[in-house]
Amino acid sequence: MKETENQKEMDKKSLTYEEFLNPPLEDFLREAKAQYSFKRQGEYTLEDYYALPDDQRVELIDGVFFYMLAPYTTHQIAVAEIWRQLAEFVREKGGACRPMLSPVDVQLDCDDKTMVEPDVLVLCDQSKLRKQCIFGAPDLVMEVLSDSTARKDLTVKLDKYMNAGVREYWIVDLKREKVIVHDMTQEGCRTAIYGMDQPVPVQIFDGKCQIRFDEICETVRPILKQP
């Protein structure tokens, strides 16, 4: 039985986003290319982002979709522990700052071309907190490197966070047991590299909060050695 025109139109719409981003469907897409039209990378907007299925993990940066694989257990262990230490410091000292961990959407540039999902963040301006996302730049952002996101975290996101007004950006490298801290709390950007054998000071809290990585390393080292 031939498809009706309405069915064809519905099929075209359903392929626009979900099928384009799902790597296992690449072969199918090659065959379908002649029949269906797609937006090009750089042309996507938040309308496209919100049209994706709930189980499709992506980030939208300057109109480009970046596919995100499910994180490893080591990644999640580090994210949870870093957030816990930040939350305990804020709870003890008080104040308006709020530590959060992924998944949480950040409409970084307050436009319709970028939506990122940092691993850990601290937001001190509560007026940026919306029901659906954080609207604007957090004060502190941390990304825990993984094989699928390392290049984006080290280059694309660094540039975006600096230009958007993030005051401090940490890149946590569990394999090399290093933490790269980009401090934008003062004029310009100062970069420091710490080993995980020492506490790392949080600059937005004037160094009074220090994140310890010794327990994280003890937990993830044997897991990272697994084949």
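These legends go with a set of close-up views of the predicted model.

The model is a prediction, so local features need pLDDT of at least 70 and side-chain atom pairs count only at pLDDT 80 or more, while totals for chains, interfaces and linings use all residues. Residues are numbered from 1 along each chain as its sequence is written, and side-chain values use heavy atoms, with hydrogens and water left out.

**View 1. The whole chain, with its confidence.** The protein has 6 helices and 12 strands, taken as DSSP runs numbered from the N terminus (helices are H or I, at least four residues; strands are E, at least two). Mean pLDDT, the predictor's confidence in each residue from 0 to 100, is 87, and 84% of the residues reach 70 or more. A contact here is heavy atoms within 4.5 Å. Of the contacts with a separation of 6 or more, 51% link residues 24 or more positions apart. Of the 227 residues, 44% are buried, where buried is under 20% relative accessible area, exposed is over 50% and partly exposed is in between (1.4 Å probe, protein chains only).

**View 2. The six-stranded sheet.** Follow the order β3-β5-β7-β8-β9-β10 across this open sheet, which has mixed pairing; two strands pair if DSSP finds at least two bridges between them. The edges are β3 (98–101) and β10 (190–195), each with a single partner strand, so one side of each has no neighbour in the sheet. From one strand to the next, the twist averages 15°. Helix α4 (residues 73–93) packs on the sheet, touching β3, β5 (120–123), β7 (140–144) and β8, and its direction makes about 170° with that of β3. Helix α5 (residues 150–164) lies across β7, β8 and β9, at about 170° to β8. Those angles run from 0 to 180 degrees between N-to-C directions, with axes as lines fitted to C-alpha atoms, for helices over the stretch in contact.

**View 3. Strand β8 and its partners.** On one side, β8 pairs with β7 in the parallel sense over 5 bridges, and Met142 stands opposite Trp170. Strands β8 (residues 168–173) and β9 (residues 178–183) run antiparallel, joined by 6 bridges. Across that pairing, Trp170 stands opposite Val181, and Ile171 has Ile180 as its bridge partner. All of β8 is tucked away: 6 of its 6 residues are buried, so the strand is largely enclosed by the rest of the structure. Both faces are covered, with Glu168, Trp170 and Val172 on one side and Tyr169, Ile171 and Asp173 on the other.

**View 4. Two hairpins in a row.** The β8–β9 hairpin has 4 residues between its strands, and Glu177 in the turn has a positive phi of about 55°. Next comes the β9–β10 hairpin, with 6 residues between the strands and a positive phi of about 80° at Gly188 in the turn. β9 and β10 pair in the antiparallel sense over 6 bridges, and Ile180 has Ile193 as its bridge partner in β10.

**View 5. The nonpolar cores.** A core here is a set of buried Ala, Val, Leu, Ile, Met, Phe, Trp, Tyr and Cys residues joined through side-chain atoms within 4.5 Å. The largest has 30 residues, and those with the most contacts inside it are Ile82, Leu86, Trp170, Val179, Val202, Phe205 and Phe213. At least two residues each come from α4, β5, β7, β8, β9 and α6 (214–224), with α4 giving the largest share, 6 residues. Apart from this core lies another of 18 residues, among them Ile61, Val166, Tyr169 and Met184.

**View 6. Aromatic pairs.** Rings of Phe, Tyr and Trp (its six-membered ring) pair if their centres lie within 6.5 Å; planes under 30 degrees apart are stacked, over 60 edge-to-face, and the rest tilted. That rule gives 4 aromatic pairs. Tyr49 and Tyr50 have ring centres 5.5 Å apart and planes at 80°, so they count as edge-to-face. Tyr49 is buried at 11% relative accessible area, while Tyr50 is partly exposed at 37%. Phe89 and Phe205 make a tilted pair, 5.0 Å centre to centre with 40° between the planes. This pair links distant parts of the chain: Phe89 is in helix α4, and Phe205 is in the loop between β11 (200–201) and β12 (210–211), 116 residues apart. Both Phe89 and Phe205 are buried. Leaving aside neighbours within four places in sequence, Phe205 is in contact with Leu86, Phe89, Val90, Cys97 and Val122.
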